[in-house]
Amino acid sequence: LLHHDGTLSPVVADAVTAARAAGHEIVIATGRSLVAARPVAESLGMTEGYVVASNGAVLAELDPAAPDGARVLRTHTFDPAPALAVLRDSWPDARVAVEEVGLGFKVSAEFDPGELDGTVRVVDWAELAAGPATRVTFRSPSGTAQDFLDLVERVGLTGVNYAVGFTAWLDIAGEGVSKASGLERVRRWERIPRRRTVAVGDQRNDCEMLAWAACGVAMGNAPDEVKAVAKLVTGHVLADGVADVLRALPPACSGSCCA
């Protein structure tokens, strides 16, 4: 939905508005925290509907009557200590962030400006590893995505689900947790036939989601391994490729067509 500089194209915003007006259920599925996802929903004019945040670990419903504009419906947590123990000292300048749902993050050291949303507080390693977590982020300002792909292969993360971003950014969640698992729960709640599902993504953390959807669409700027999972490829994010997908949707399902 967003350009790499964080801006939202009016073309994309209009396409989302039109799709919602036509009766389609639009769900934001993101690796971002709920704190970071809410402003995106607001910029799209979405005051109701679902948000799958933190790569599926947090499921929320937008609600203008709620104190922060959204109500957390479910969270999926895991014990971060084993993964943190494996990753500790594995990369020279790595920083670690552990999400605090609805608040922000506790971190091992300051992240670069704009990388994390909400309240960020530096804590010692023991506090990072204490208690259940929805998501752990492992980040290096000096490495590359390939460095982290190699790192994960070398250290052997087990019992968790993880994804490496465009840069040296590794997100870790509980085993079996992904955008797909969150969207599947929404699908069941809303009784939407699986054959009527479309998903669009451009990151490695979108692979499960694209495989889950009846029609998974990769953005033109997605890595090759993401395109390989998708059924279709649309335009680059800078060419508003997601708007082309939304405009091409068949009529919204209602009545007997959902049977």
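Predicted model: local features only at pLDDT ≥ 70, side-chain atom pairs only at ≥ 80, totals over all residues.
Residues are numbered from 1 along each chain as its sequence is written, and side-chain values use heavy atoms, with hydrogens and water left out.

Q: What makes the span of helix α6 agree with its number of residues?
A: Helices (H or I, at least four residues) and strands (E, at least two) are DSSP runs numbered from the N terminus, and the expected span of a helix is 1.5 Å times one less than its number of residues. Helix α6 has 12 residues, 179-190, and should therefore span 16 Å; its end C-alpha atoms are 17 Å apart, which agrees.

Q: Which residues of α6 are called buried, and what do they pack against?
A: A residue is buried when its relative accessible area is under 20%, exposed when that area is over 50%, and partly exposed in between, using a 1.4 Å probe and protein chains only. In α6 the buried residues are Lys179, Ala180, Gly182, Leu183, Glu184, Val186 and Arg187. Contact means heavy atoms within 4.5 Å, and the buried residues of α6 pack against β1 (28-29), β2 (49-53), β3 (58-62) and α7 (207-212).

Q: What is found at the start of α6, and what just after it?
A: At the start of α6, a side-chain oxygen of Ser178 comes within 3.2 Å of the backbone nitrogen of Ala180. Just after the helix, Arg191 has a positive phi of about 55°.

Q: Why is β3 described as largely enclosed?
A: Four of the five residues of β3 are buried, so the strand is largely enclosed by the rest of the structure.

Q: How do you know that β3 pairs with β2 and with β4?
A: Two strands pair if DSSP finds at least two bridges between them. Five bridges join β2 to β3, and these strands run antiparallel; five bridges also join β3 to β4 (residues 70-75), again antiparallel. Because five bridges meet the requirement of at least two, both count as pairs. Tyr50 stands opposite Glu61 in β3, while Val58 has Thr75 of β4 as its bridge partner. The hairpin of β2 and β3 has four residues between the strands, and in it Ser54 takes a positive phi near 55°.

Q: Why are β11 and β13 called edge strands?
A: The open sheet of three strands has the order β11-β12-β13, with parallel pairing. In this sheet β11 (198-201) and β13 (232-233) each pair on one side only, and they are the edge strands. Strand β12 (residues 215-218) is joined to β13 by two bridges, and Ala218 has Val233 of β13 as its bridge partner.

Q: What makes a set of residues a nonpolar core, and which residues have the most contacts inside the largest one?
A: A nonpolar core is a set of buried Ala, Val, Leu, Ile, Met, Phe, Trp, Tyr and Cys residues joined through side-chain atoms within 4.5 Å. The largest has 25 residues, and those with the most contacts inside it are Val16, Leu44 and Met46. Its largest share, five residues, comes from α1.

Q: How do you know that Glu99 and Arg135 are buried?
A: Glu99, found in strand β5 (residues 95-100), has a relative accessible area of 6% and is therefore buried. Arg135, in the loop between α4 (125-129) and β8 (136-144), has a relative accessible area of 4% and is therefore buried.

Q: Why do the side chains of Glu99 and Thr134 count as a polar contact?
A: A polar contact is a pair of N or O atoms within 3.5 Å; within protein, one must be able to donate a hydrogen and the other to accept it, and residues adjacent in sequence count only if both atoms are side-chain atoms. The side chains of Glu99 and Thr134 are joined by a polar contact of 2.5 Å.
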